[in-house]
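I want to look up a few local features and jot down what turns up.

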Amino acid sequence: MKKIIKSGTIVTASDTYVADILIENEKITAIGSNLASDGAEVIDASGCFVLPGGIDPHTHLEMPFGGTVTKDDFETGTIGAAFGGTTTVIDFCLTEKGKPLKTAIETWHNKSRDKAVIDYGFHLMISEINENVLQEIPSVIEKEGITSFKVFMAYKNVFQADDETLFRTLVTAKEHGALVMVHAENGDVIDYLTKKALEEGKTEPIYHALTRPPEIEGEATGRAAQLAGLANSQLYVVHVSCEDAVERIIEARNKGFDIWGETCPQYLVLDQSYLEKPNFEGAKYVWSPPLREKRHQDVLWNALKNGQLQTIGSDQCSFDFKGQKDLGKDDFTKIPNGGPIIEDRMSILFSEGVTKGRISLNQFVDITSTRSAKLFGLYPQKGTIAVGADADIVIFDPAAERTISASTHHMAVDYNAFEGMKVAGEPVSVLSRGQFVIKDKSFVGAPGKGQYLKRAKYGSFHPTGEKEGMSV
Ligand SMILES: NC(=O)NCCC(=O)O
Ligand SMILES: [Zn+2]
Ligand SMILES: [Zn+2]
């Protein structure tokens with residue numbers, strides 16, 4: 001059945017205007033003034049913003065980590081995402097050394113196929129480069145449409161890859177049209193500092209932050225950037241948390257390197273002091289990289305405003321406080337890293353960013369949706385409101401107010417890191433390919449309705465030279 005969204009203020013990465021939107025067969029087929037209803041279901045959006053569905057480029061759903069598995073899977077995680085206005089997630093598919101890449105990809109299809117309520121794609125972790133891996137890469141890109149690879153520079157003896165692997169991944173990605181993503185922290189130095197802290201009897205959550213100082217992130221970011229420059233390849237730095245890393249990204253971009261940076265809501269609004277909360281509550285705030293001193297927040301906001309960081313990912317990686325985070329009660333290195341943010345990613349950026357004047361409304365759309373669509377091969381099918389695009393649409397009430405709480409969130413996890421935070425603006429209804437997933441703030445979608453997305457190669461939508469500012 002046709003739908004018409006009437007009288008809303010459409011916001012894209014470049015424009016803001018009042019118009020109606022006609023939806024037919026999953027797509028936007030017309031945008032204009034006073035479109036005739038013609039028996040279509042009419043959705044009144046007056047007083048609301050009509051936004052392209054959010055794209056979360058960084059999630060870990062049902063991921064094994066730290067001796068346990070993330071609490072939110074592709075069902076609860078994508079339900080939470082939809083409530084927050086996100087209509088696409090790109091999740092990290094973990095590989096194992098010595099096993100075919102296709103085995104890992106099949107595992108991830110099995111986790112997601114019948115569960116996702118919104119569309120989804122995968123990034124692929126690269127932990128080693130050898131003849132078998134090199135042989136599989138073309139089919140990963142061409143058949144699976146996986147056009148982004150992830151290399152961990154941290155988590156020694158678990159996920160960490162060496163520099164040769166990172167460099168060869170960059171070279172291979174350049175050859176085949178993929179974007180290399182890095183978790184940029186120096187895992188070897190962290191390993192030394194954490195062992196030393198434990199020897200000195202320092203076991204509380206705060207030592208997680210103190211053994212991973214900003215210099216360690218800055219060093220790894222700079223190293224990855226230099227290697228990307230040497231390989232003449234493309235690099236995307238995930239979860240940038242501090243000034244040291246931002247500076248390395250700016251320097252590399254100024255040299256003309258093809259480098260992009262993502263930050264996350266937690267680094268914009270929470271700080272290192274949260275790790276000192278009593279009764280082990282600090283464990284709720286254990287991320288890698290860690291929360292930083294407050295001064296880094298202004299640097300991150302400015303970098304988003306100036307286009308030096310371009311996207312915001314949730315890094316959704318949720319563990320219950322009871323039964324999972326408390327694995328590290330006597331040893332901070334055993335606290336599973338990560339938190340639940342998929343649901344509040346867009347609200348926090350709107351409330352703290354747009355309503356507080358740190359970024360514009362169009363930048364908000366670019367950062368939460370359009371830029372990820374362009375970088376990860378989904379544009380213009382996703383990431384904008386235009387004729388021919390998928391009808392992934394959020395009707396967003398900027399006047400609504402809400403308090404974030406585990407008692408009202410839709411993720412499966414038993415706490416919310418932003419508990420008690422008041423946010424302005426809320427999605428009222430969310431459509432995925434023309435079907436309501438959220439209608440008048442209630443879930444009306446179904447597991448399995450989300451489709452797997454084969455993505456285009458890197459560079460399809462942002463020719464070299466379009467790196468500066470918000471014009472891409
Ligand atoms: N970020 C984090 O603490 N957990 C998720 C895994 C990762 O992205 O490093
Ligand atoms: Zn990471
Ligand atoms: Zn992550």
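My entries follow, one topic at a time.

**Ground rules.** I'm working with a predicted model, where local features need pLDDT of at least 70, side-chain atom pairs count only at pLDDT 80 or more, and totals for chains, interfaces and linings use all residues. I number residues from 1 along each chain as its sequence is written, while chains are lettered from A and ligands numbered from 1 in the order in which they are written.

**Ligand 1.** Which residues are around ligand 1? I found His60, His183, His239, Trp287, Ser288, Asp315, Cys317, Asn337 and Gly338. To count as near, a residue needs its C-beta atom, placed from the backbone, within 6 Å of the molecule. I sorted this shell into two nonpolar, six polar and one charged. For that, Ala, Val, Leu, Ile, Met, Phe, Trp, Tyr, Cys and Pro count as nonpolar, Asp, Glu, Lys and Arg as charged, and the others, Gly among them, as polar.

**Cis peptide bonds.** Ser288, which I listed around ligand 1, is joined to Pro289 by a cis peptide bond with omega about -5°. I placed Pro289 in the loop between helix H9 (265-269) and helix H10 (295-305). Helices (H or I, at least four residues) and strands (E, at least two) are DSSP runs, numbered from the N terminus. I also noted a cis bond from Tyr379 to Pro380, with omega near 5°. Pro380 sits in the loop between helix H12 (361-375) and strand S16 (393-403).

**Positive phi.** Asn34 is not a glycine, yet its phi is positive, near 50°. I see it in the loop between strands S3 (27-32) and S4 (41-44). Glu62, also not a glycine, has a positive phi of about 45° and lies in the loop between strands S6 (54-59) and S7 (64-65).

Are these two buried or exposed? Asn34 is exposed, because it has 9 other C-beta atoms within 10 Å; Glu62 is buried, because it has 20. The cut-offs, with C-beta atoms placed from the backbone, are 20 or more others within 10 Å for buried, 12 or fewer for exposed, and partly exposed in between.

**Helix H5.** In H5, I marked Gly187, Ile190 and Thr194 as buried. Down the axis, the buried residues fall within an arc of 55°, so they line one face of the helix; the arc is that of the directions from the helix axis to the C-beta atoms. On the other side, Lys195, Lys196 and Glu199 are exposed. Just after H5, I noted a positive phi of about 80° at Gly201.
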